[in-house]
Amino acid sequence: VVTWNVGTAMPPNDVTSLLHLNTGETNDADMIAIGLQEVNSKINKRLKDALFTDQWSELFMDVLSPFHFVLVSTVRMQGVILLVFAKYYHLPFLQDIQTDCTRTGLGGYWGNKGGVSVRLSIFGHMVCFLNCHLPAHLEKAEQRKEDFATILHMQQFEGHVASGILDHDLVFWFGDLNFRIESLDIRFVKYAIDSNILSQLWEKDQLNIAKTTWPVLSGFQEGPLNFPPTFKFDVGTNKYDSSAKKRKPAWTDRILWKIKSPSVGLGAGGRGPSRGVLSVSQLCYCSHMEYTVSDHKPVAAAFAVQFASKTDKPLVEIYVADEWSRPEQAVVRYKMAAGFHRSSWDWIGLYRVGFRHPKDYVSYVWARSEDGERCLELCAQVMFLEEALPKGKGEYILGYYSNSSSSIAGMTEPFQV
């Protein structure tokens with residue numbers, strides 16, 4: 001999980017260290033969620049009709065796609081953006097994807113502050129990612145509490161499972177939460193940072209104080225703040241604010257998580273997750289001082305989430321030859337699970353290995369079939385026409401896109417064309 005207030009800056013050339021991509025161990029990350037705040041919200045006229053209208057989203061897709069990450073979902077509200085990526089082979093097990101946003105800035109009128117969320121079922125467990133930008137300034141702690149409570153109250157998802165944010169089995173809450181350091185003067189704060197005695201600042205951190213006193217934060221956990229405050233820097237440097245305002249350094253940029261307690265929302269007959277069904281351990285929580293385009297430093301956290309998978313089969317199984325060397329081999333057979341809600345707008349996309357998002361296909365065919373309904377196992381067959389096939393060799397993947405769930409419901413292994 002990454003959070004970064006980018007201060008309307010243009011993206012840097014390289015974000016691999018931020019995404020922990022050049023280190024051996026985190027190449028096994030399965031999902032990456034990136035929350036940005038203060039993305040320059042001027043609408044680019046030329047890109048108005050494009051799927052993604054900001055350079056930050058484009059950059060992250062470009063950097064992550066060679067590592068086999070695909071954009072699962074994104075939501076934007078003015079300058080607040082949330083992007084959720086996953087390895088392509090997990091896509092069929094990420095279902096019920098929904099997004100929401102709540103404006104709180106200027107009475108909800110402008111949307112420069114507030115929260116955006118992506119929620120989804122991951123192997124049958126409901127998970128919500130919530131990226132917030134809360135009100136600034138030391139004295140606004142109470143307003144931050146009210147805005148967070150408003151966001152939790154306002155965001156509602158369709159369906160019976162997990163209609164509110166806190167109904168999810170696991171919530172990641174992150175963003176520029178804007179909490180400041182109380183009652184210590186700036187000289188002492190800077191002395192504590194320079195002397196690396198950060199623990200002296202922890203008990204005066206407003207969010208740490210709030211965790212013990214605000215019911216709305218009950219159950220939210222956070223790793224230790226073993227990195228220096230991430231705000232406010234002179235742009236282009238690692239020096240804290242030297243302007244006339246001399247703002248006091250603060251840990252404004254935070255990543256927290258909450259596991260739903262087993263007693264909440266038990267179904268009929270007391271069914272519900274038994275203890276130990278889902279556990280989270282934080283592997284790292286750090287800031288990245290090497291980025292200087294903004295007055296905030298980005299913060300990243302890596303988590304190991306363990307749970308028993310509730311689904312082992314995708315909703316759609318696709319069968320395809322190991323290679324297509326002649327046009328007549330471009331035949332696709334697929335089988336739908338009994339409970340799968342198909343739509344006449346479903347399609348099967350042919351993707352290059354390293355594709356960026358579900359609509360980034362080379363070509364597609366509608367997943368309609370005359371004989372599909374008669375076939376006992378709901379199997380069906382479609383064919384790619386010769387003119388739809390890519391020219392030249394390469395490695396490709398087929399994905400079944402479900403229109404009703406806005407997600408890929410089935411996927412093949414890579415094969416040669």
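**Entry 1: Thr 237**

I began with Thr 237, which I found in the loop between α5 and β9; helices (H or I, at least four residues) and strands (E, at least two) are DSSP runs, numbered from the N terminus. The model is predicted, so I note that local features need pLDDT of at least 70, that side-chain atom pairs count only at pLDDT 80 or more, and that totals for chains, interfaces and linings use all residues. Residues are numbered from 1 along each chain as its sequence is written, and side-chain values use heavy atoms, with hydrogens and water left out.

I recorded Thr 237 as partly exposed because its relative accessibility is 21%; buried means under 20% relative accessible area, exposed over 50%, and partly exposed in between (1.4 Å probe, protein chains only). The side chain of Thr 237 reaches the backbone oxygen of Asp 234 at 2.7 Å. Such a polar contact is a pair of N or O atoms within 3.5 Å; within protein, one must be able to donate a hydrogen and the other to accept it, and residues adjacent in sequence count only if both atoms are side-chain atoms. Not counting residues up to four places away in sequence, Thr 237 touches Thr 292 and Lys 297, where contact means heavy atoms within 4.5 Å. I also looked up the C-alpha atoms of Thr 237 and Glu 290, which are 53 residues apart along the chain and separated by 9.1 Å.

**Entry 2: Lys 297**

I then turned to Lys 297, in the loop between β10 (278–287) and β11 (299–307). Lys 297 is buried yet has no salt bridge, and the nearest side chain of opposite charge, Glu 290, is 7.9 Å away. A salt bridge is a side-chain nitrogen of Lys or Arg within 4 Å of a carboxyl oxygen of Asp or Glu; for charge, Lys and Arg count as positive and Asp and Glu as negative, while His and the chain ends are not counted.

Which polar partners does the side chain of Lys 297 have? I found the backbone oxygen of Thr 237 at 3.2 Å and the side chain of Asn 238 at 2.6 Å. Among the residues that Lys 297 touches I listed Trp 4, Phe 233, Asp 253 and Tyr 291.

**Entry 3: Asp 176**

Asp 176 is found in strand β8. I noted that Asp 176 is buried without a salt bridge, Arg 180 being the nearest side chain of opposite charge at 6.0 Å. The side chains of Asp 176 and His 133 are joined by a polar contact of 3.2 Å. The contacts of Asp 176 include Thr 3, Gln 37, Asp 253 and His 296.

**Entry 4: helix α5**

In α5 (residues 206–213), I found Gln 206, Leu 207 and Ala 210 buried. They lie on the same side of α5 because they cover an arc of only 90° around the axis, the arc being that of the directions from the helix axis to the C-beta atoms. Their cover includes α2 (141–154), β8 (170–176) and β9 (253–259). At the N-terminal end, Asp 205 caps α5, with a side-chain oxygen 3.2 Å from the backbone nitrogen of Leu 207.

**Entry 5: strand β4**

I counted 8 of the 8 residues of β4 (residues 80–87) as buried. Val 80, Leu 82, Val 84 and Ala 86 point one way, and Ile 81, Leu 83, Phe 85 and Lys 87 the other way. β4 pairs in the antiparallel sense with β2 (residues 31–37) over 6 bridges and with β3 (residues 69–77) over 8 bridges; strands pair if DSSP finds at least two bridges between them. Ala 33 stands opposite Val 84, and Leu 71 has Phe 85 as its bridge partner.
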